[in-house]
Amino acid sequence: MSVAHRFVLRGGTIHDPATRRDGVVDDVWVEDGKIVPPPADATGFPPIDAAGLVVMPGGVDLHSHVAGPKVNAGRRIAPHLARSRPAAVPAIHATGGLYAALGYTTVFDAAIATAAAPIAHAELAELPILDKGIYLLAADDADTLDALAARDGPRCEALLAAKVRAGRGWAVKVANPGGPSFWKRGRRGDHHDLDTPLPDRQVTPRQILERLARAVRALGLPHPLHVHTANLGLPGNWRTMLETMRTFDGLPAHLAHVQFHSYSGGDLDEGSFGSGVAPLVDHFNAHENLTLDVGQILFGDTVAMTGDSAAAEHLAHATGVPWMAHDLHLEGGCGVLPIAYRERSLIHAWQWAIGLEWFLTATDPWRVALSTDHPNGAHFTAYPVLMQLLADEAFRREALARIHPAVRARSPLAGIRREYSLQELCIVTRAAPARIAGLAHKGHLGPGADADVTLYRPHRDLARMFSLPAKVFKAGILVAEDGQVRTLPEGATLTA
Amino acid sequence: MTPRPAPPAAAPASDAARLVAARRVLVTGLAGASVDAARAACDLAATLGAAVDFGAADVDRPAGPTIARAGAVTADPAEMHDRADLVILWGCDPAATHPALAALVPARAAVVRMPPGGATSIDAARLLHHLVCVGPEPEADAPWIRACRAAREAIERASCVAVVTATNADPVGLEPWAVTHLVRAIAHRKPAFEISLDGSDLAAAEAVCTWRHGASGAIARADRDGGRFLPGEASARRLLERREVDCVLAVGRLATAVEDAIARCGDDLEVLRVAAEPAALRSLLAALDRRPPGAAP
């Protein structure tokens, strides 16, 4: 049931970091889908009682995988997980309802090849409620690589602009810089550093990263280069991540799913596997040009999907699970496989602890976006559990007691006392991802913002509180109430 | 004065009445159809609570689809042209059946035909898989075993291997499973991929069905929030053979196996044929929507 196009949310407890309201009792005025200043004459603004409710902007998922061929492959490869509720990779219609019922109103699919953009948009057109956008994979296609190798900045910018225009993209992403070239020419199962030239062009992964970031900045795209760096998932890959961070040297860049890139240990040596977060977070905290999303894993069954074919192949080889890969002509490819994260698995427990370590030691929440890299680390409907892990140390300690004992003993997590406040949770789920993505009209409740608003009933069980918003408004329309979807308006497609 | 809406065409109205009267409907067809046509067909199926299956081979096996058991390592055909230096034609002859694809076999590539005479496809795929994975040489000797050894050596020499496969009549799914495992085993060692001659004209229908219902076919009851994928039970051919549907909405061109199954059903089955055009399908959907709730057919 929708409400009038004008209304006022009366007397809620506002958490709106962008307007520096932290638990302030206030009203939120809505007209024609936008937040408006308090009017001189309140006539015609029917009140909706928000007294006692926590009011936040609608959630923004900066890095998810919800549409396109790889997501369809994920639906097909694990039919047993389609029968769980929610399905590990939900149908597109269900995806919109589940996100909205969780209080989220905007989502980005973080890896779409340009060739796949039309079919991804056809699918996203059926994603109800949410505003949505896609990041287009760059540096996998032959023309862009040629321009990068030739240090032809204007040509590179023109190609990226054409890609964004043709693919109706919001941002540009690089997945494993140079990886497809190494992969397609034979490299299997080992690291590649950032300074080895590609087998078919005189350009290195580091140069790809640096030149792409410059081109994205020159184009003035709303979101900086979205970076999934090399060697995802491999022991010892923290060095690659540190070198990746150093490469940008003041250039804006967003580091995707850093959890998967923060492992210590020797080459393919499980015994020395561990956390490489400390040096990375030190660098991150000291460099404001960098932002990140974590890609937290949570325990359970899911499906991994990536534009990084090499990473998927490595995991498929190690586990023997079904594996789908597809190489696109003159572009990259993708890899998809089911995965089960287990508390008692040494590796999985490390991954879980490493993600939390990132969240809890990165000092500036405005540069951190909460994500599970859905569905890679966990289903997006598990976000409330992750929020409780961040905000409730006792809950975190209980969870820590269940994981592999070696990780419990060696991870710095046990010594970390930090608890996120409601305001900080609001930052990492709304304000920061909106700002990082370059969405001026989202992630806040100031005048001019989209009237995407979520109302929660306060509860000391934060997972419960964030699982079941009392009301969710999208562009001023009541779309969900107490976990039930009320109406299914069309969302907008966000293009740069 | 506001003009009155035009009444629905007689054919959609009468087709809608027959669909509503049916005990259970199967929506099938859509070979070569567009995304919009597939969307409209899936909308019809969801409105009717119908089964949906387009007759693709990979859902028509009681042993379950290969993808869920082993996956699939594939590539665009042009990748074969650009990269492959060994092309294995597995149980197919694209020069005869798919000349456009055959033209993408690069001149530089060695071409090997499998399975060799005297061996089943499954036996050859399993033996070659064993040889590729550096298992012990089989003691037995036979021409087909020697052919598999030669194929293994060709794979070892190659830097990129394309395996071209075709639809087969294997009723239990072991053959595609064995070939997929072989391709996967090679791909863990060097660039390799399968190029399937199957089902490319069902691509749009399968994509839409998957994002709507979670699988590319064999959906027992269409539901926009998901669906149950029941391979070997809810494929079009099996639903027809078991007489579990009494009405088929045939959208455009049907898979041959489905047409054959329809023909075997005789007069017990109502078959409504509609063009795979979004306008025609939307017209039928509108006619369904105009029926008053509970109206008698």
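In chain B of this structure, strand E1 (residues 25-29) and strand E8 (residues 247-251) pair in the parallel sense over 5 bridges. The model is predicted. Within this pairing, B:Gly29 stands opposite B:Val251 in E8(B). The two strands belong to an open sheet of 4 strands in chain B, whose order is E2-E1-E8-E9, with parallel pairing. Strand E2 (51-52) and strand E9 (270-274) of chain B each have a single partner strand and stand at the edges, so one side of each is left without a neighbour in the sheet.

**Domains of chain A**

The domain assignment divides chain A into domain 1 (6-57 + 443-485) and domain 2 (59-437). Their C-alpha centres lie 30 Å apart. Across the boundary, 22 residues of domain 1 of chain A are in contact with 24 residues of domain 2 of chain A. On the domain 1 side, two or more residues each come from strand E5 (54-57), helix H17 (462-467), strand E20 (471-474) and strand E21 (477-481) of chain A. H17(A) gives the largest share of that side, 4 residues. By residue type, the side of domain 1 that touches domain 2 divides into 13 nonpolar, 6 polar and 3 charged residues.

**Strand pairings of chain A**

Strands of a sheet pair through backbone hydrogen bonds, either parallel or antiparallel.

| Strands | Sense | Bridges |
|---|---|---|
| E9(A) (residues 171-175) and E10(A) | parallel | 3 bridges |
| E10(A) and E11(A) (residues 253-255) | parallel | 3 bridges |
| E15(A) (residues 300-306) and E17(A) | antiparallel | 7 bridges |
| E16(A) (residues 323-327) and E17(A) | antiparallel | 4 bridges |
| E16(A) and E3(B) | parallel | 5 bridges |

Strand E10 (residues 225-228) of chain A is covered on both faces: A:Leu225 and A:Val227 on one side are buried, as are A:His226 and A:His228 on the other. A:His228 is the partner of A:Ala175, while A:Leu225 is paired with A:Ala253 in E11(A). From E10(A) the chain crosses through helix H9 (residues 238-248) of chain A to E11(A), and this β-α-β crossover is right-handed.

Strand E17 (residues 333-341) of chain A has 7 of its 9 residues buried, so it is largely enclosed by the rest of the structure. Within E17(A), A:Val336 stands opposite A:Met305 and is also the bridge partner of A:Met324. E16(A) and E17(A) form a hairpin with 5 residues between them, and A:Leu330 in the turn has a positive phi of about 60°.

**Contact between the chains**

Which strand of chain B does E16(A) join? E16(A) runs parallel to E3(B), and 5 bridges join the two. In this pairing A:Ala325 stands opposite B:Val73 in E3(B).

The contact between the chains takes 33 residues from chain B and 32 residues from chain A. On the side of chain B that touches chain A, at least two residues each are supplied by helix H3 (66-69), strand E3 (71-75), helix H4 (77-83) and helix H10 (203-213) of chain B. The residues of this side divide into 14 nonpolar, 9 polar and 10 charged.

How values were computed. Residues are numbered from 1 along each chain as its sequence is written. Chains are lettered from A and ligands numbered from 1 in the order in which they are written. This is a predicted model: local features need pLDDT of at least 70, side-chain atom pairs count only at pLDDT 80 or more; totals for chains, interfaces and linings use all residues. A residue is buried if 20 or more other C-beta atoms lie within 10 Å of its own, exposed if 12 or fewer, and partly exposed in between; C-beta atoms are placed from the backbone. Two strands pair if DSSP finds at least two bridges between them. A crossover is right-handed if, with the strands pointing away from the viewer, the path from the first strand over the helix to the second runs clockwise. Two residues are in contact if their C-beta atoms, placed from the backbone, lie within 7 Å. Ala, Val, Leu, Ile, Met, Phe, Trp, Tyr, Cys and Pro count as nonpolar, Asp, Glu, Lys and Arg as charged, and the others, Gly among them, as polar. Domain bounds come from an automatic or database domain assignment.
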